[in-house]
Amino acid sequence: MSYVDDVLALVQKKNASEPEFLQAVEEVLNSLRPVIEANEEAYRKEALLERLCEPERQFKFRVPWVDDKGQVQVNTGYRVQFNSAIGPYKGGLRLHPSVNIGIIKFLGFEQIFKNSLTGLPIGGGKGGSDFDPKGKSDREVMAFCQSFMTELCKYIGADTDVPAGDIGTGAREIGYMFGQYKRIRGVYEGVLTGKGLSYGGSLARTEATGYGLLYLTREMLKCNGHDIAGKTVCVSGSGNVAIYATQKAHQMGAKVVTVSDSTGWVYDPEGIDVALLKEVKEVKRARLTEYAAARPSAQYHEGRGVWSIKCDIALPCATQNELLIEDAKQLVANGCMAVAEGANMPTTLDATKYLQENGVLFAPGKAANAGGVATSALEMSQNSERLSWTFEEVDSKLQNIMENIFHNLDDAAKKYATPGDYVAGANIAGFLKVVDAMNAQGIV
């Protein structure tokens, strides 16, 4: 068997109960075959892929806290420090009932390549807990966050591991965690990103993932002879990424006609009203039924269905494995020309393959949604320099980073794989930088 096949078999045997992690490793290693096979003997001798697929360290810990009724609750916390070859571990903290070690490892593994693609000195990591902030009071969220950080603070630091927000972890949660870290460690440092503007946060960080998604999508279309202006866009999700992707798409002259949440979705043929969506989701923290009730042109539907709407561009911005093979077939049948992932691995492997085989331009999440972590790294730079850049400065840097990411993965696809295979291009471009650093640093 080839070295890639040997390592895939090993990883599958060691991580049999972690399907999301196995899916991510399979997707990456298969696309790296041209590079691996050209260096197979050296990579096998150095066990390079085994080291790449095994986290440097991982932590699992108990998080006890007291709810508003005086009842003690217990959650599980995780942090996976996957690879520090090119910089401190960097990756978000996900708070959601679905969180387990396999999902955190999948996200951390993807983060290695995503962070590498930004061109900034940040390694790959991820963390979180099965705690659900939905329906909790501010005091309960604070109690959880303080308990969570009491343990996590032992393993992180501005030059070691810099967590950020993710699903369920917004400005409120980051604030509580930062306060507890500062209280315990007695230092004021940029240990978390996504902070409030009054205590070291960066302008444009809130918008960064959604804006970055559109900057890369526009560049991908442009390089393939298309203009984003005038295009109809379907977006899934209604959180931070979806909201600001919708806003930037409208600014670019496109029209977003769908958003969704965990219970249903909205079709608004006149275009999603971003101000109303922000009011419903960011202020009221309500369901999309309230958007539809306040917007005469909007139609609310229970369950799934975003990808049934005819569109030119699809932007999955909700969660992993939300765009299935049936959805891919529907998009192709409706003439969709491009899919760019705003979430982490939202498209299943078979759906991705179907889209590519049918000529749909496909930008994988590790490239298309890298704007968030790129701006987090810019926040780290501002913290280190004790400076605060303007929104325009950060946004300009973000746009340059996202356009460079596209050209780097486009070049890698042309050199090592199939021109236009942006999944392989992203994995190869991210891998080459990491492997160069790993080789330079010896067997560690």
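Helices here are DSSP runs of H or I, at least four residues long, and strands are runs of E with at least two, all numbered from the N terminus. With that in hand, a quick tour of this predicted model: Pro346 sits in the loop between β11 (338-340) and α14 (349-357).

**The loop proline**
- Pro346 counts as buried because its relative accessibility is 0%, and buried means under 20%.
- Going by C-alpha atoms, Pro346 and Pro316 are 6.3 Å apart in space, though 30 residues separate them in sequence.
- Setting aside neighbours within four places in sequence, Pro346 is in contact with Pro316, Thr319, Gln320, Asn321, Glu322, Leu323 and Glu341.

**Nonpolar cores**
- The largest nonpolar core has 104 residues, and the ones touching the most other members are Leu29, Leu49, Phe109, Tyr291, Leu315, Ile405 and Phe431.
- As background, nonpolar side chains tend to be buried together in soluble globular proteins.
- Back to Leu29: leaving out neighbours within four places in sequence, its contacts are Val4, Val7, Leu8, Leu49 and Cys53.

**A nonpolar patch on the surface**
- Val66, Val72 and Val74 make up a nonpolar surface patch, and together they have about 240 Å² of accessible area.
- Val72 belongs to strand β2 (residues 72-83).
- Is Val72 buried, exposed or partly exposed? Val72 counts as partly exposed because its relative accessibility is 46%, which falls between the 20% and 50% cut-offs.

Technical notes: Residues numbered from 1 in each chain as written. Predicted model: local features only at pLDDT ≥ 70, side-chain atom pairs only at ≥ 80, totals over all residues. Heavy atoms only, no water. Patch = residues over 30% accessible without salt bridge, like charges linked within 9 Å, V, L, I, M, F, W, Y side chains within 5 Å. Areas by Shrake-Rupley, 256 points an atom, 1.4 Å probe, with all protein chains shown as cover. Salt bridge = Lys/Arg side-chain N within 4 Å of Asp/Glu carboxyl O. Buried < 20%, exposed > 50% of the residue type's maximum accessible area, 1.4 Å probe, protein only. Core = buried A, V, L, I, M, F, W, Y, C linked by side-chain atoms within 4.5 Å. Contact = heavy atoms within 4.5 Å.
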